[in-house]
Amino acid sequence: MKSGPVCVITGAARGIGKRVAENLAAKGARVVIFDLQSAAETGEATAKAIRESGGNCLFCSGSVCNEEEVHALFERTVAEWGRVDVLVNNAGITRDGILLRMKQSAWKAVIDVNLTGTFNCSKEAIRLFSKQRKGRIVNISSVVGLVGNAGQVNYAASKAGIIGLTKSLAKEYGHRGVLVNTVAPGFIKSDMTAVLSEKIQAKIMKDIPLGRMGSVEEVAGVVAFLALDPVAGYISGQSIVVDGGMTCV
């Protein structure tokens, strides 16, 4: 039976986005995974696994940077399930390097995907949410957007921008029943952190009071709370940090 809230998750073929999609589907949501065509095989496999476990899931390919492809994503979702209730802006990339060695192409690529992509998808979602007078957006930022990180000026700027975008949208569309929040993960066990050397990981652990990296399940749980739980109905414009106490002051 096809019922339950309709959730669109970007960058969900793997990593945190994949776990978010699986978790939302397990809670009864109808899930749309949106990722690049290059990730289609992985995305289709994720969608198939969700369906085989009893969930409802579609995979749509495209880029969050492309307005037409984002528009087509929402059109297809509405055509399939009649509405959209939740958007999770998870798509993100890194192109690390210190400022004086960073090419403008690396700066632009990260800003385009992480920040402009969030803008493009949010714009499409809010068009629908405003008419419905109901909807939730959960943006995935990072603790790097709160405290910065050497070698990641582009990534830090994009993630800080997401936090500002979140607060502004919460103020602009709260009167339409739209909730907009951010989840800011710290160091999470994922493909992105797997490339870090043991030396760097050991250094990171010293700054985390809990003494470990977080899991994708822990991030996905917070996202699900903000996206679906009725108790989260009075939370908007907030950044929920999931970092094991790393940035506590």
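By class, 5 nonpolar, 3 polar and 3 charged residues make up the lining of the second largest pocket (Ala, Val, Leu, Ile, Met, Phe, Trp, Tyr, Cys and Pro count as nonpolar, Asp, Glu, Lys and Arg as charged, and the others, Gly among them, as polar). The model is predicted, so local features need pLDDT of at least 70 and side-chain atom pairs pLDDT 80 or more, while totals for chains, interfaces and linings use all residues. Residues are numbered from 1 along each chain as its sequence is written, and side-chain values use heavy atoms, with hydrogens and water left out.

The second largest pocket holds about 180 Å³ of space, a volume being the space filled by probe spheres set on grid points that are joined across faces, edges and corners. A pocket here is an open set of points on a 1 Å grid over the protein atoms alone, where a 1.4 Å probe fits, with protein on both sides within 12 Å along at least five of seven lines; lining residues have an atom within 4 Å of a point. Among the lining residues are Pro-5, Asp-85, Lys-134, Arg-136 and Leu-228. Both β5 and α9 (216–228) supply at least two residues of this lining.

The protein chain has 9 helices and 7 strands, taken as DSSP runs numbered from the N terminus (helices H or I, at least four residues; strands E, at least two). Strands β4 (residues 86–89) and β5 (residues 135–140) are joined by 4 bridges, and Val-88 has Val-138 in β5 as its bridge partner.

In the loop between α4 (104–132) and β5 sits Arg-133, which has a positive phi of about 55 degrees although it is not a glycine.

Technical notes: Two strands pair if DSSP finds at least two bridges between them.
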